[in-house]
Each structure stands twice: as C-alpha cells, then as structure tokens.
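Here is a friendly note to read alongside the model. Please keep the view open as you go through the points.

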Amino acid sequence: MSDDPIPADSKLTLSKRRWADEGKFLTGRISRPDADRLPPGQHLVKNWPVLDLGQQPMVSTDTWRLEVDGLVETPLNLTWAAFQALEQSTRVSDIHCVTTWSRYDNKWKGVSTRDLLDLAMPKRDATHVMLTSYDGYTTNLPLVDFADDDAILATSWEGLPLTRDHGGPMRLIVPHLYLWKSAKWLRRIDIMPADAAGFWEKNGYNMHGDPWREQRYSDD
Ligand SMILES: Nc1nc2c(c(=O)[nH]1)N[C@H]1C(S)=C(S)[C@@H](COP(=O)(O)O)O[C@H]1N2
Ligand SMILES: [Mo]
C-alpha cells in the first residue's frame, strides 16, 4: 500500500533499479566534480617527481620476495613468478604527495591488495599494516585503507614496467592517502593488531595521511 505515483513494479521503476545495479550513466571511478578533484593545498604536475630517502635499491626479480606475515591465517613468501601468477588487475588513480604535488590519471597494473589479502586471510583482530621495503623504509596504515579497492601492488605504470626510481620492480599504490604511505621496493607486509609508527610517522608525519583532510603532520 502506498501513494507512490509510480508503482514499484512499473517498467520505469524496474529499469531504473537495473541501471542502479549496473551503475549505468556513471562516467568512471572518479565521481568527484573536477573542482573538487584536487585536495586542499595541492597543485597539479604533469611529470612524475621522484622522492625517497636517497637509496634506490637494485632489486633483481631473481631474488625478489614478498612476505606477508603477522596476523594472517596463511603467511606468504612469494617469488616473482608466484606473484606474476596471481590475478593481474589494472587501476587508474590520482596521486597526492605531501610536498604538495598531485598527478592525475596514473594507469597501474599489478595485484590488487584485496586479492593478496584473500590469499593471506587476515585474522579477526587485525587492524593495521606495517610495510617494509628493500631500502629499509617503513610506513604504517590502517588495514581498511590498505584493502581499499583502489589500492594495488603495482609492477607497471602507463603500460611500462615500473622503473627502479619509482620503486620497481614492485611498489604499493594507495592513492587515497598521501604518497609516503605507498611504499616503493616493497618487501614485507606485516598485519598487526594495533597501529605503530613507520619512518615518516616517527618523524612528524601523520599516522593516517588523508589528503582530503590535510592530515600532513602528526597531531602532537
Ligand atoms: N621504499 C620507499 N618507499 C617510499 C619512500 C622511500 O623513501 N622509500 N618515500 C615515500 C615518499 S615520502 C614519497 S612522496 C613517495 C614518492 O614516490 P615517487 O618517487 O615514485 O614519486 O614514495 C614513498 N615511498
Ligand atoms: Mo613524500
């Protein structure tokens, strides 16, 4: 019983419902209007700057390993071949560096963090992730951010293998957080029951790092 002008089972209602289910008329993953696409305090660049601690490790795919450990049902220690054999995904995303540059529409290929987590299976009390890289760099983030649908363990950028200066052969990309959370030359993923500070987080930077909320520096 209702006073709705169009009955719930009318042709229009049914097709509109189907459109909603199919996401019809959505233009893409990024639904923000362009004016809101750039987070506060950021400016756009066309090139892709290189930023790191200055040690760019040479990591051969012969000796490369990716470990997933901590609060997981199935700890992983993947060779390059095993990593390549996992489902390969693509993503397109904007990246935002805390030094105020942003770059739009980066095309990535690699393994989605969700697919990796489906293999490792975090335990119930897992809440945070610590990333450790081949240059000794560490950074932390909440598990929900690491598991975001846009997050990818990238081996390719714009159709080419990820170069060493940008973290090749494999780096993480978590585009909705400042880029310091996106560990280059990623070697180890520890799933944790609590948060802990990584390199920049111990040096005045924010534990979360959401560019839309300008979480650049630590609160204290
Ligand atoms: N392993 C590692 N990852 C790292 C860093 C680093 O020093 N070592 N620097 C971080 C910082 S501060 C930034 S801004 C981005 C820069 O990535 P890019 O050089 O590809 O632009 O990498 C992040 N990931
Ligand atoms: Mo950075």
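1. How far is an oxygen atom of ligand 1 from an N or O atom in the side chain of His166? The distance is 2.7 Å, a polar contact (a pair of N or O atoms within 3.5 Å).

2. Before going on: this is a predicted model, where local features need pLDDT of at least 70 and side-chain atom pairs count only at pLDDT 80 or more, while totals for chains, interfaces and linings use all residues. Residues are numbered from 1 along each chain as its sequence is written, chains are lettered from A and ligands numbered from 1 in the order written, and side-chain values use heavy atoms, without hydrogens and water.

3. A polar side-chain atom of Arg171 lies 2.6 Å from one of its oxygen atoms, and a backbone N or O atom of Pro49 is 2.7 Å from an oxygen atom of ligand 1. The protein covers 97% of the 530 Å² of accessible area that ligand 1 has on its own (Shrake-Rupley method, 1.4 Å probe).

4. Now look at strand β2 (residues 65–70); strands are DSSP runs of E, at least two residues long, numbered from the N terminus. Four bridges join β2 to the antiparallel strand β3 (residues 76–79), and pairing takes at least two DSSP bridges. Val68 stands opposite Leu76 in β3, and a hairpin of five residues connects β2 to β3.

5. Strand β2 also runs parallel to β11 (residues 186–192), again with four bridges. Here Glu67 stands opposite Arg188.

Key
Polar contact = N/O pair within 3.5 Å; in protein donor to acceptor, adjacent residues only side chain to side chain.
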